[in-house]
Every structure is written in C-alpha cells, then in structure tokens.
Amino acid sequence: MSGSYILGPEVARFEKEFARFCGAAHAVGVASGTDALELALKAVGIKPGDIVATVSFTFIATADAILHVGAKPLFVDIDPATYTMDPKDLSTRITALPPAQRKKLKAVIPVHLYGHPCDMDGIMRIAKKHGLFVIEDAAQSAGAAWKGKPIGSFGDAGCFSFFPTKNLGGCGDGGIVTVQSARLADRLRLLRVHGRHGREFQAELGRNSRLDELQASILRVKLRKLRGWVSRRRGIGKAFSRAVSGLPGLTPPTEKPGAKHAFHLYVLRSDDREAVQRKLLKAGITTQVYYSIPVHHQPLHRKANRFLRLPETEKASREVFSVPLYPEMTRAQQQRICRALRDC
Ligand SMILES: *Cc1c(COP(=O)(O)O)cnc(C)c1O
C-alpha cells in the first residue's frame, strides 16, 4: 500500500475499473450505499420540499436518502412478477398528482431489487416525459443487466453498496456512484469531502463520505471475480426454480424477458409463508424475509402515507421469503435445499 489510507491510488483505480464494469463514464467511491443515494440526489440538485418517486418495497435506506436531503418520497407500487417498480403505476401516480405537487417532483429512484433489474425502458420513457432525474438504486444488483446493458448505466446516477452481504461486498462498509456526466462526477467528488475545494476553500455543504484504500484494494480483487460469481448464482437460482416449478403454493422468482437477474437473493412467495418457513426450518434450512414491513408502513412514513394503498407491495410483504444462495454453495447443499422445497 502507498501510505494513503483514504481516497488514494487504490480508490482511483477501483473507480476506473468499476465504471468500466458498469459501462459508465465515471464512478465516485463513497462510504456506503446509503451515502451514494443521498449524495447522488444532492448532486443532481434535489432540494428540501422536492418530491422523489420510488418504491415502498425496498430496504429502508432508499427512502432515508430522500428524507436526508429534505425531500418527500412518492411511493409507487411494484410489478408482482419482478418485485420492482411498475412503470404503469409510476405513470398513473404522477398523473394523479395535483399540479403544484407535480412541479415539485424532480427525480425517480427505481430499485433493482434482489438482483432483478427494473424495466428501464418503461422507467426512462416516463422520466424523460416528465423531466425527472433517474437515480438507480443498484445496491443489490451489481452484475445485473437490462437488455444487455449493465444496470447503473441507464440513469443520471447508479448507486451501489459494498456492504459485506451484497453481490460485491467489501470487508466493511463502502459504496460508489456511477455517472455519465463529468460535471456530476466532479460535484460528487466535492460533496464527499465536505464540499471542500482544494485545501481551504469550502464551496458548499457536503459530507464526510469517503472510500478507504483497504476496502478499494479488496474490492479490486473481488471485482475481477464478480462475473463468475454472478454466473454461479444464476446457475444455482435456475436449479432451485426447476426444483419448485409446478409445485402448488410456491411461486419461484421469474426473470423477465430482457432481464439478466444477478440473484442477490433467491426469493419465493407463498400465501402460507409461516407454515412453509417452519417446514423448511425443520429440514435444517433457514429462511429470511425481505421485506415484511413496506417502507410506507414504517413509523417515519406512516403519517404522511396513511391513505396510501399499494396492493402489490402489501401482498408481497406478506408472502415473500428467501432461501440461502451464494456462489460457493456445493452441489450437496443445493440438492438439500431443492429437496426441502419439494417436500414442503
Ligand atoms: C443495502 C442497500 C442500501 C444501502 O446500502 P448500505 O451500503 O448498507 O448503506 C440501499 N438500498 C438497497 C436496496 C439496499 O439493499
């Protein structure tokens, strides 16, 4: 190592390599995926009082970033097949806004959930029509693509997390923002160091949100393996889906035509979730639920959204659960999960 600990040559190299991986012009390393979202919103100019459309069926951090810049989320329902933002519902909810509110709507954050990319054709079309910035929440989907194009290269910014459990995980926290415009990249580079320009002059209020050399050097090594890991995840995901296809009461994940699913999580649904989870646990398979509480039901958002109905989001939050999936899984481990799924 060089003797720099933060934002040194390893970070600069990793930023170049990650940008290339995503087919983006630039990438700017930050301290976490949540910071990536917040700084991206700030960099495109989202201000207190603005409105940002996103989904409620996501990790809380997506909506946190909107609140941190003083904006308000407009929650949109999901496509029940892919668990990602439904472009039709986005369009409907924008049209339903009173004109004064519609003027405040400035951006949309589609979330590529569980590794499945959003329908970026639909979302980009609507964003263009209404003049919205597009900030992709790609925290769960490094390695996913839509119609052959890597996610993180569609919108004004793509936000990734290197939290240890993500598809590309560091040995600690980290995040990155991919952008196409050099001006936005410069702005992000300013915002991650207190808005400081040079040593002394402060251009604006920024944050302390920096990627360190140790994480970057680990991530550089892991990035070279990511394609291989994603292809293993896809192979295992497909084996699980073959095992459960045709079973009554269990719906495996789908891969929409045009989508390349990165299988960050293998998520099934059942209308009798607790019973299925109990049976799997008896067979020694632990399951998880992401997410049983939609963001609009969380205390921070409940009051502002008390009349909001998101039927597909609410249904998914009652039905989804995931079984373990990771690239190093052995054949025997995979078969045990397949057998347990069939038996329940
Ligand atoms: C993990 C995650 C984040 C936040 O990333 P951190 O690095 O943990 O801050 C944001 N959005 C989604 C969808 C995530 O899964």
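Q: What is the relative accessible area of His-194?
A: This is a predicted model, in which local features need pLDDT of at least 70, side-chain atom pairs count only at pLDDT 80 or more, and totals for chains, interfaces and linings use all residues. Residues are numbered from 1 along each chain as its sequence is written, and side-chain values use heavy atoms, with hydrogens and water left out. His-194 is found in the loop between helix 7 and strand 12, where helices (H or I, at least four residues) and strands (E, at least two) are DSSP runs numbered from the N terminus. Buried means under 20% relative accessible area, exposed over 50% and partly exposed in between (1.4 Å probe, protein chains only), and His-194 counts as partly exposed because its relative accessible area is 35%.

Q: Near what value is phi of His-194?
A: Most residues other than glycine have a negative phi. His-194, in the loop between helix 7 and strand 12, is a residue other than glycine with a positive phi, and the value is near 65°.

Q: Is Lys-147 buried or exposed?
A: Lys-147 is found in the loop between strand 8 (145-146) and strand 9 (149-150), and its phi is positive, at about 50°, although it is not a glycine. The relative accessible area of Lys-147 is 54%, so this residue is exposed.

Q: Which residues does Ser-317 touch, not counting residues up to four places away in sequence?
A: Ser-317 is found in helix 11, and it counts as buried because its relative accessibility is 5%. The buried residues of helix 11 (residues 311-319), Ser-317 being one of them, are covered by elements that include strand 3, strand 4 (78-79), strand 15 (266-269), helix 9 (273-282) and strand 16. With contact meaning heavy atoms within 4.5 Å, and leaving out residues up to four places away in sequence, Ser-317 touches Phe-57, Arg-273, Tyr-291, Ser-292 and Pro-294.

Q: What distance separates the C-alpha atoms of Ser-317 and Glu-10?
A: Ser-317 lies in helix 11. Along the chain Ser-317 and Glu-10 are 307 residues apart, while their C-alpha atoms are separated by 40 Å.

Q: Near what value is omega for the peptide bond from Tyr-290 to Tyr-291?
A: Most peptide bonds are trans. Tyr-291, which is among the residues that Ser-317 touches, has its place in the loop between helix 9 and helix 10. The peptide bond from Tyr-290 to Tyr-291 is cis, and its omega is near 10°.

Q: Which residues lie closest to the centre of the largest pocket?
A: On a 1 Å grid over the protein atoms alone, a pocket is an open set of points with protein on both sides within 12 Å along at least five of seven lines, a cavity is a set where a 1.4 Å probe fits but cannot get out, and lining residues have an atom within 4 Å of a point. The largest pocket holds about 620 Å³ of space, a volume being the space filled by probe spheres set on grid points joined across faces, edges and corners. Of the 34 residues in its lining, the closest to the centre are Gln-140, Phe-163, Thr-165, Lys-166 and His-264.

Q: Which element gives the largest share of the lining of the second largest pocket?
A: The second largest pocket has a volume of about 430 Å³, and its lining of 20 residues includes Pro-73, Leu-74, Phe-75, Ala-304 and Asn-305, which lie nearest its centre. At least two residues of the lining come from each of strand 3 (72-76), helix 4 (87-95) and helix 10 (299-302). The largest share, 4 residues, comes from strand 3.

Q: What is the volume of the largest cavity?
A: The whole structure has 2 cavities of 30 Å³ or more. The space in the largest cavity is about 50 Å³.
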